[in-house]
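Trainee: I would like to learn how to read strands, helices and their packing in a model. Could we go through one together?

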Amino acid sequence: MDRDINLDRIDLEPPPPEAEPERQFYFMEQCRRWVKRRSEELGRPLFACTVTFGCQMNARDSEKLLGILREIGYEETSDEHADLVLYNTCTVRENANKRVYGRLGYLNTIKKKNPDMIIALCGCMMQETEVVEKIRKSYRFVDLIFGTHNIFKLAELLYRRFTEGRMVTDIWNSADAIVEDLPVERKYPFKSGVNIMFGCDNFCSYCIVPYVRGRERSRRPEDILAEIRRLAADGVVEVMLLGQNVNSYGKNLPEPATFSQLLRRVNEIEGIRRIRFMTSHPKDLSDELIEAMKDCGKVCRHLHLPVQSGSSRILKEMNRRYTKEQYLELVDRLRAAIPDISLTTDIIVGFPGETEEDFLETMDVVERVRYDSAFTFIYSKRTGTPAARMENQVPEDVVKDRFDRLLKRIQEISAEVCGRDLHTVQEVLAEEPDDHMDGYMTGRLGNNTIVHFPGDASLTGRIVNVYLEESRGFYYMGRMVPEEKT
Ligand code: 5AD
Ligand code: SF4
């Protein structure tokens with residue numbers, strides 16, 4: 001937990017406080033008593049299972065939700081045969097929605113055997129009116145629905161569900177205040193995401209995020225720095241600064257600040273060894289930031305820089321506000337300043353009106369930039385976005401063919417590029433015991449490449465020197481060497 005809360009001291013006699021986070025502490029205590037009573041009746045602990053769909057933002061939100069659930073007395077489980085199952089949903093592509101509906105059917109079969117089970121849904125998908133209507137109509141067994149702006153209210157909503165005994169829905173269209181200082185249950189003891197801003201104002205024409213995550217709001221630098229200091233004191237060595245568009249951080253703060261200023265201040269925090277951030281929008285990536293990356297030794301030599309398409313014409317239709325040439329020029333500037341930087345990207349194939357020529361422009365960018373890795377997506381039509389109203393959608397078979405060609409080339413290049421540090425000694429953050437090989441640990445280089453090396457769980461969270469013996473395409477096999485580099 002990132003902050004000590006003593007729920008025992010909370011007086012439940014008066015009505016709930018109006019101010020946050022005190023109001024939520026009041027409801028956490030109410031829920032805690034309810035959970036305790038129920039658990040005594042059953043003669044066993046109550047279990048909660050949280051399933052996260054989608055991006056790092058959602059993963060971090062889930063840690064906050066878990067922090068609240070833990071505080072009110074639930075034990076965590078990964079088994080959906082639990083007393084409370086919470087899906088933190090994603091809606092960036094249609095497939096994400098389909099997966100949730102599919103799994104809800106399965107949850108219903110579990111609930112039939114355990115009618116007291118509570119099923120809760122939150123996250124981006126719940127910000128869509130049609131989704132909530134469909135669930136209220138056809139998935140009556142769901143107990144609790146809330147969105148992206150009010151996750152901090154989980155205890156209050158849960159308490160309403162406990163006392164009212166019927167489906168509770170609470171979706172906000174926007175959120176102006178950012179509620180600080182709620183409990184968080186981190187997945188990893190040694191690394192953590194840190195939200196620096198919420199929402200997005202870019203309105204790329206294919207993207208639903210600005211509609212479901214709302215307008216851009218930055219956290220105050222002091223709040224971010226205080227959180228990171230607390231994390232460092234708690235043993236965290238790596239932070240990932242999170243935002244849909246971190247390069248426009250700070251614009252709407254009462255005292256405007258820039259992302260590079262923030263980065264320099266995080267770099268000074270004792271105990272933090274690695275700083276990552278995502279996502280960067282190419283149009284907002286300033287020279288000031290490149291300088292800051294160069295100067296700050298803890299900032300990892302890795303940048304996720306979504307290109308989306310290599311065709312300037314399609315980029316215009318996507319409302320990305322840069323051209324192919326501007327993107328390539330930015331990559332040149334980055335590489336001139338930080339020669340060993342590794343670049344990764346996101347690419348969408350089959351945006352409406354994409355021709356073979358447009359697609360070849362994307363292939364050309366891939367050839368020129370030589371990404372360490374790239375996430376490739378088939379364009380998915382999202383109702384309500386401008387691109388969904390465009391007429392010339394590309395036939396499925398054409399998209400599939402382009403997608404396969406792109407993926408093949410990305411993988412070939414990636415295998416060549418990722419081996420660049422072979423036969424050198426590098427610092428590796430040991431993350432967890434290897435899933436497949438007993439006696440091995442899995443860790444990451446600063447540039448995010450995975451390394452497997454002999455070692456045991458006691459190394460977890462430590463940064464160790466590893467000699468990279470063999471490159472296997474996307475990862476290395478290595479062995480630990482003593483502190484001094486050989
Ligand atoms: N279809 C396909 N991919 C999408 N993305 C966002 N919206 C869509 C969509 N409608 C991709 C973008 C973004 C990543 C998070 O998801 O590439 O960078
Ligand atoms: Fe979506 Fe574009 Fe905002 Fe990224 S920058 S979240 S792609 S609208």
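Trainee: Which residue in E11 stands opposite Leu241?

Mentor: Some conventions come before the answer. This is a predicted model, where local features need pLDDT of at least 70, side-chain atom pairs count only at pLDDT 80 or more, and totals for chains, interfaces and linings use all residues. Residues are numbered from 1 along each chain as its sequence is written, chains are lettered from A and ligands numbered from 1 in the order in which they are written, and side-chain values use heavy atoms, with hydrogens and water left out. Helices (H or I, at least four residues) and strands (E, at least two) are DSSP runs, numbered from the N terminus. Two strands pair if DSSP finds at least two bridges between them. Here Leu241 stands opposite Phe277 in E11. Strand E10 (residues 238-242) pairs with E11 in the parallel sense over 5 bridges.

Trainee: In what order do the strands of this open sheet lie?

Mentor: The order is E7-E10-E11, 3 strands with parallel pairing. Strand E7 (191-195) and strand E11 (274-278) are the edge strands, each pairing on one side only. From one strand to the next the twist averages 20°. For such angles, axes are lines fitted to C-alpha atoms, for helices over the stretch in contact, and angles run from 0 to 180 degrees between N-to-C directions.

Trainee: Which helix lies across E7, E10 and E11?

Mentor: Helix H2 (residues 56-71) does, running at about 100° to E7.

Trainee: How should I read the crossing of H1 and H5: at what angle do they cross?

Mentor: Angles under 35 degrees count as roughly parallel, over 145 as roughly antiparallel, 65 to 115 as roughly perpendicular and the rest as oblique. The axes of helix H1 (residues 22-42) and helix H5 (residues 154-164) cross at roughly 40° and come within 8 Å, so H1 and H5 are oblique to each other. Their crossing is left-handed (the near helix is turned anticlockwise from the far one by less than a right angle; clockwise would be right-handed).

Trainee: Which residues of H1 and H5 make the contact?

Mentor: Contact means heavy atoms within 4.5 Å. H1 contributes Arg23, Gln24, Phe27, Met28, Gln30, Cys31 and Trp34, while H5 contributes Ala155, Glu156, Leu158, Tyr159 and Phe162. Sorted by class, the contact of H1 with H5 holds 8 nonpolar, 2 polar and 2 charged residues (Ala, Val, Leu, Ile, Met, Phe, Trp, Tyr, Cys and Pro count as nonpolar, Asp, Glu, Lys and Arg as charged, and the others, Gly among them, as polar).

Trainee: How many strands close into a barrel?

Mentor: The barrel has 5 strands in the order E15-E16-E17-E19-E18, with mixed pairing. Neighbouring strands of this sheet are turned by 50° against each other on average, direction ignored. Strand E15 (residues 425-433) and strand E18 (residues 463-471) pair in the antiparallel sense over 5 bridges; Leu429 has Ile463 in E18 as its bridge partner. Strand E17 (residues 450-454) and strand E19 (residues 475-480) pair in the parallel sense over 3 bridges.

Trainee: How many residues lie between E18 and E19 in their hairpin?

Mentor: There are 3 residues between E18 and E19, and Gly473 in the turn has a positive phi of about 85°. E18 and E19 pair in the antiparallel sense over 5 bridges, and Val466 has Met480 in E19 as its bridge partner.
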